[in-house]
Amino acid sequence: MVQRGCNCVPWLYMHKVVELCYALQLQGVSAFRFDFSGNGESEGEFEFGNYHKEVDDLHAVIRYFTASHRVVSAIVGHSKGANDVILYASLHHNVKKVISLSSRYKMDRGIEEILGKDYLERAKRDGYVEFRTLSGTILRATYESILERLHTNMHEAGLKVDRSCSVLIVHGSVDEVIPLEDAFKFAKIIRNHKLRIIEGANHRYQKHRVELAAVVTAFIIFGL
């Protein structure tokens, strides 16, 4: 539970995040995790893109805690969630710290690995493309949702993040999903940022969770 008056940190889109939440709790910071609409245990239909709807979901969560007199000190997102928190900061200016873990700068990359070759042509012809998740679930990426991802401009979003918002950009040096160069791209355009490269870490930080938790908590609590 998030207690009245405590800091609240929404933590988005990463498996096995209990370690980080526990690390924050040890430092006296409450963390709130949630599933976006159409994902996990939340209601709604899954959408492949859906970035702007997810930003709206995040805004609703922050407004809820603010109305309950809780302080939202930071928002944290991993992978797709990392794009969401940057997009959020580009549109809203009510959170002073944003932590982006393994965010994607070039939104046209990585789609073919998920949906297969000629995905856009197939989606335009059939209305959607089916794909299998790592857990074996069959999902559909609609033509409209694919276009939304392709038209999401992270360069423009990064430029719109206000200087008063401090952004921590974290990336694993051996990320096999999103190239390390994307972190440097964001670092060039987000004015008030800190860049932390975790050596040897892959996209999921599987063997570097302790180091990741230390980096994130130090930034949230001390601004380091």
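Modeller: The buried residues of helix H8 (residues 181–189) are Asp182, Ala183, Phe186, Ala187 and Ile189. Helices (H or I, at least four residues) and strands (E, at least two) are DSSP runs, numbered from the N terminus. Buried means under 20% relative accessible area, exposed over 50%, and partly exposed in between, with a 1.4 Å probe and protein chains only. This is a predicted model, in which local features need pLDDT of at least 70 and side-chain atom pairs count only at pLDDT 80 or more, while totals for chains, interfaces and linings use all residues. Residues are numbered from 1 along each chain as its sequence is written, and side-chain values use heavy atoms, with hydrogens and water left out.

Biologist: Against which elements do the buried residues of H8 pack?

Modeller: Contact means heavy atoms within 4.5 Å. The buried residues of H8 pack against helix H3 (80–91), helix H7 (154–160), strand S8 (166–172) and strand S9 (193–198).

Biologist: Is Asp182 buried or exposed?

Modeller: Asp182 counts as buried because its relative accessibility is 0%. Leaving aside neighbours within four places in sequence, Asp182 is in contact with Ser103, Arg104, Tyr105, Lys106 and Arg109. Asp182 is also linked with Arg109 and Glu181 in a network of salt bridges.

Biologist: How many salt bridges does the structure hold?

Modeller: A salt bridge is a side-chain nitrogen of Lys or Arg within 4 Å of a carboxyl oxygen of Asp or Glu. The structure holds 7 salt bridges. One of them joins the side chains of Glu54 and Lys80 at 3.3 Å, N to O. That pair links distant parts of the chain, with Glu54 in helix H2 (residues 51–67) and Lys80 in helix H3, 26 residues apart. Glu54 is buried at 2% relative accessibility, and Lys80 is buried with a relative accessible area of 12%.

Biologist: Which parts does the salt bridge of Arg140 and Glu130 tie together?

Modeller: The side chains of Arg140 and Glu130 meet at 3.4 Å, N to O. Arg140 lies in strand S7 (residues 138–142) and Glu130 in strand S6 (residues 128–132), so the pair ties together parts that are 10 residues apart in sequence. Arg140 is partly exposed at 43% relative accessibility, as is Glu130 at 44%.

Biologist: Where do Glu156 and Lys160 lie?

Modeller: Both lie in helix H7, 4 residues apart, about one turn of the helix.
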